[in-house]
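Please take a moment to look over the structure shown here before reading on.

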Amino acid sequence: MLGLYEALGGRDGCRKLSEMFYARVARDPILSPFFSAHFRCAIEALAAFLVQLLGGPCEYSARHRWSPSLYESHLRFKIGQKERDAWMRLMSAALDDLRIDDPNRNALLGFFEQSSAYLINDPDVNGQPAGDLHEEIAGRWRAQRLVDETVAAFRSGDADRVISLMESPAIQDYFARDRAALLSLLAIGCGSSHPILIDYVHRRLTRDPALAQDRYANGRTLLHGAAGEGSLPIVQLLLQLGADPNAADRAGHTPLYCVGNECRAAQGGDVVRALVQAGANVNTHSGVKRCTALHMAARRGNVSVAQALLECGANIEAQDSKGDSPLRRAMNCRKKEMAAFLADW
């Protein structure tokens, strides 16, 4: 008997179901406002999630920058009972069009019933449908819920709960299959202000040094994540473990770019200095707009990071793809303090 992944048609079948579903979403008055005019990213994300859930290759965690928590990654949408019912109506119709046999259709529909109810974030809506899931899906769905719980524990600084979950056999089995999910969680841990959690990330990396070379969301390394969080101890450890300070993710962004674009921590300037001392090119142009790390610090108004970049040799006259300098970027983004700082440099 075929498993659910094969019964659905493997990767192609998951992609087809996702396309059928979002073709309906595009015409739906309730759900279409959640999305831009282009559904390519949403189609790819749902298809990759289904592939992974049903037992195919683990690509969802490695391809998408969203949180490894399914619940958290949907918080940007306001999901109540009306939205959930619309989602189920469209998915049920898409499953009908896919024309798979009733046992497999019912197994998938049962999962969508539970998962769509789980994603409701309207505090006035309570309750989730009861019922057992298909055995192929039940274990993976429990593991996903554990990942969600771990993210929430990291966010709240509940160190005891984080360590208990991260070291549990169930989530260890999940990480063995989906290593990118482990890296995503450790990257979240890098942003913690709790010393026990930072120490835990440190110990996990020391225990498994290969994590310094591995990739997760959108081709990032943990050095991208730790640098963006401004976690100097973890940045220093990753560099000691051989992490490449000039590694580029799929968008062409380096760890220094992440400091300029993402870092709000007080140690941001020290992270810049550590990366440059390890060999990071301070004037690398990244991404479609060919920005330097200084362009991004200027855009975000992060003066301490900009100062560290300039002290490390950043070119204040560097131009992006539009010919804009960091000063022009600061002015365009109405970052008055940054513009004054760069003008006086």
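A cavity, as the word is used here, is a set of grid points where a 1.4 Å probe fits but cannot get out, and its lining residues are those with an atom within 4 Å of such a point. The model is a predicted one, and a search of the whole structure finds two cavities of 30 Å³ or more.

The largest cavity holds about 100 Å³ of space, and its lining is made up of 13 residues, among which Tyr-60, Ser-61, Trp-66, Ser-67 and Pro-68 lie nearest the centre. Two or more lining residues come from each of helix H4 (60-63), helix H8 (135-156) and helix H11 (179-190). Sorted by class, the lining of this largest cavity has seven nonpolar, five polar and one charged residues.

The second largest cavity contains about 30 Å³ of space, and the residues that line it are Thr-254, Leu-256, Tyr-257, Asn-281, Val-282, Thr-284, Ser-286 and Ala-293. Its lining comprises four nonpolar and four polar residues, with no charged ones.

Turning to the helices, H12 (residues 195-207) packs with H14 (residues 232-240) at an angle of about 5°, and their axes are 10 Å apart. Because of that angle, H12 is roughly parallel to H14. On the H12 side the contact is made by Ile-198, Val-201, His-202, Leu-205 and Thr-206, while H14 contributes Ile-234, Leu-237 and Leu-238. By class, this contact of H12 with H14 has six nonpolar and two polar residues, and no charged residues.

Note on methods: Residues numbered from 1 in each chain as written. Predicted model: local features only at pLDDT ≥ 70, side-chain atom pairs only at ≥ 80, totals over all residues. Heavy atoms only, no water. Axes fitted to C-alpha atoms, helices over the stretch in contact; angles between N-to-C directions. Helix = DSSP H or I, 4+ residues; strand = E, 2+ residues; numbered from the N terminus. Parallel < 35°, antiparallel > 145°, perpendicular 65-115°, else oblique. Contact = heavy atoms within 4.5 Å. Nonpolar A, V, L, I, M, F, W, Y, C, P; charged D, E, K, R; others polar. 1 Å grid on protein atoms, 1.4 Å probe; cavity = no way out; pocket = protein on both sides within 12 Å on 5 of 7 lines; lining within 4 Å. Points joined across faces, edges and corners; volume = space filled by probe spheres on them.
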